[in-house]
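Please look at the chain shown here and follow it from its domains to a few details of its backbone.

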Amino acid sequence: MSPAIALAFLPLVVTLLVRYRHHFRLLLRTVLLRSFQDCLSGMRIEERAFSYVLTHALPGDPGHILTTLDHWSSHCEYLSHMGPVKGQILVRLVEEKAPACVLELGTYCGYSTLLIACALPPGGRLVTVERDPRTAAVAEKLIRLAGFDEHTVELIVGSSEEVIPRLRAQHQLSQADLVLLAHRPRYYLRDLQLLEAYALLPAAATVLADHVLFPGAPRFLQYAKSCGHYRCRLHHTGLPDFPAIKDGIAQLTYAGPG
């Protein structure tokens, strides 16, 4: 490329760098630096985060464990977790709905799992599903470190597509009063329709979906708004430590199959 052509593109490159500077920072922290740390330590980011929790958090204190994860994500390595702002929305809705049974798809490191477990009403139950066995092993240790037993929080290892049809027969989950979709947004629509097909959503059930604006779940949102089975609301937020990158939590209220 000639210098003249390069100079012609320079204003465009500068404009893109300025406009999307927060996205470039996110890319740097979540891809480049994380890959470097993975190679250097031989551990995944959630495993490094749990090691930090073990040495800095108080066992049996979920609130302190959550705060420790937030601190590690802000000051050490970006964890890509729900974070405190979205976490407040989640806790408020769980406390408001007081669900007897919650289903979480996408346990990841266990951050949102702890938030839900802390907000459950007495006798409430949380079933959480994580596809990756290595990630699930970390989440399991974090959940038990926080003081929740298998009767309150049950972690199932497997893909949501395979687990959902087995929930009633193998895990005694007949219906979920509240569902959190927090795995991969491209699977949200498929899994919502599976929940409907297996009659796991009672009338007035609440379905919460994270990351519906970034990276986004447009097909899921379009279906929820147009199918006639849901009342929809969007809670606008930003990403943890990147508030300029706009995201949101969708809140669906199921009206029933009719």
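This is a predicted model: local features need pLDDT of at least 70, side-chain atom pairs count only at pLDDT 80 or more; totals for chains, interfaces and linings use all residues.

Residues are numbered from 1 along each chain as its sequence is written, and side-chain values use heavy atoms, with hydrogens and water left out.

The domain assignment, which is automatic or taken from a database, gives domain 1 (1–42) and domain 2 (84–254). Their centres, taken over C-alpha atoms, are separated by 33 Å. Where the domains are in contact (heavy atoms within 4.5 Å), six residues come from domain 1 and seven residues from domain 2.

Together, domain 1 and domain 2 bury about 590 Å², 71% of it on carbon and sulfur atoms; buried area is the accessible area (1.4 Å probe) that two parts lose on being put together, summed over both. On the side of domain 1, His22, His23 and Leu26 supply 63% of the area buried against domain 2, more than any other three residues. Between the domains the rule finds zero salt bridges, a salt bridge being a side-chain nitrogen of Lys or Arg within 4 Å of a carboxyl oxygen of Asp or Glu.

Turning to the backbone, most residues other than glycine have a negative phi, and most peptide bonds are trans. The peptide bond from Phe214 to Pro215, however, is cis, with omega near 0°. Gln172 has a positive phi, near 55°, and Ala204 has a positive phi of about 75° although it is not a glycine.
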